[in-house]
Amino acid sequence: MVSVLFIITMHNYATTPSDRPVVKGVYKFTRNPQQLLVALMLIGIASITESVFIVISCILQLLLMYPTFISQERFCIDKYGQEYEEYMKRTPRHFWKI
């Protein structure tokens, strides 16, 4: 299921004009679906394999994603302006509001 959502996310990204922010599909529910879906895949792999290395890698990825999110959001605000700021108000960074 997660891999199907990832493919849909990539399609949403690829079919959106470069002068517009991606706000369709999975992007309606989170501003960072690609990164979050990869994290979910790693959590699934870690639980199946019971690999401590993968669990640690997943935790590190989750911690290191936050600065990347902030940087991407700044870039998008600079590129898309008010349209992206409105998108940020209605769409959580993750799948939940913090």
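Ile59 lies in helix H3, where helices (H or I, at least four residues) are DSSP runs numbered from the N terminus. This is a predicted model, in which local features need pLDDT of at least 70 and side-chain atom pairs count only at pLDDT 80 or more, while totals for chains, interfaces and linings use all residues. Residues are numbered from 1 along each chain as its sequence is written, and side-chain values use heavy atoms, with hydrogens and water left out.

With a relative accessible area of 48%, Ile59 is partly exposed, a class that lies between buried (under 20%) and exposed (over 50%), with a 1.4 Å probe and protein chains only. Ile59 belongs to a nonpolar surface patch together with Val52, Val55, Ile56, Leu60, Leu63 and Leu64, and the accessible area of the patch is about 680 Å². Such a patch is made of residues with over 30% relative accessible area and no salt bridge, nonpolar side chains being joined within 5 Å.

A salt bridge is a side-chain nitrogen of Lys or Arg within 4 Å of a carboxyl oxygen of Asp or Glu, and by this rule the count comes to 4. Among them are these pairs:

| Pair | Closest N and O atoms |
|---|---|
| Arg20 and Glu83 | 2.6 Å |
| Arg31 and Glu73 | 2.6 Å |
| Arg93 and Glu73 | 2.7 Å |

Arg93 is in the segment after H4 and Glu73 in helix H3, so that this pair links distant parts of the chain, 20 residues apart. Both Arg93 and Glu73 are buried, and salt bridges that share partners join Arg31, Glu73 and Arg93 into one network. Arg31, too, is buried. The salt bridge between Arg20 and Glu83 ties together parts that are 63 residues apart in sequence, because Arg20 lies in the loop between helix H1 (2–14) and H2, and Glu83 in helix H4. Arg20 is partly exposed at 41% relative accessibility, and Glu83 is partly exposed at 33%.

The largest pocket holds about 460 Å³ of space. Its lining comprises 21 residues, of which Tyr13, Val22, Tyr27, Cys76 and Tyr80 are the closest to its centre. On a 1 Å grid over the protein atoms alone, a pocket is an open set of points where a 1.4 Å probe fits, with protein on both sides within 12 Å along at least five of seven lines, and lining residues have an atom within 4 Å of a point. Helices H2 (33–49), H3 (52–80) and H4 (82–90) are the elements that give two or more residues to this lining, and H3 gives the most, with 6 residues.

Conventions
Grid points are joined across faces, edges and corners, and a volume is the space filled by probe spheres set on the points. Patches are made of residues with over 30% relative accessible area and no salt bridge: like charges are joined within 9 Å, nonpolar side chains (Val, Leu, Ile, Met, Phe, Trp, Tyr) within 5 Å. Accessible areas come from the Shrake-Rupley method with a 1.4 Å probe; for residues, only the protein chains shown count as cover.
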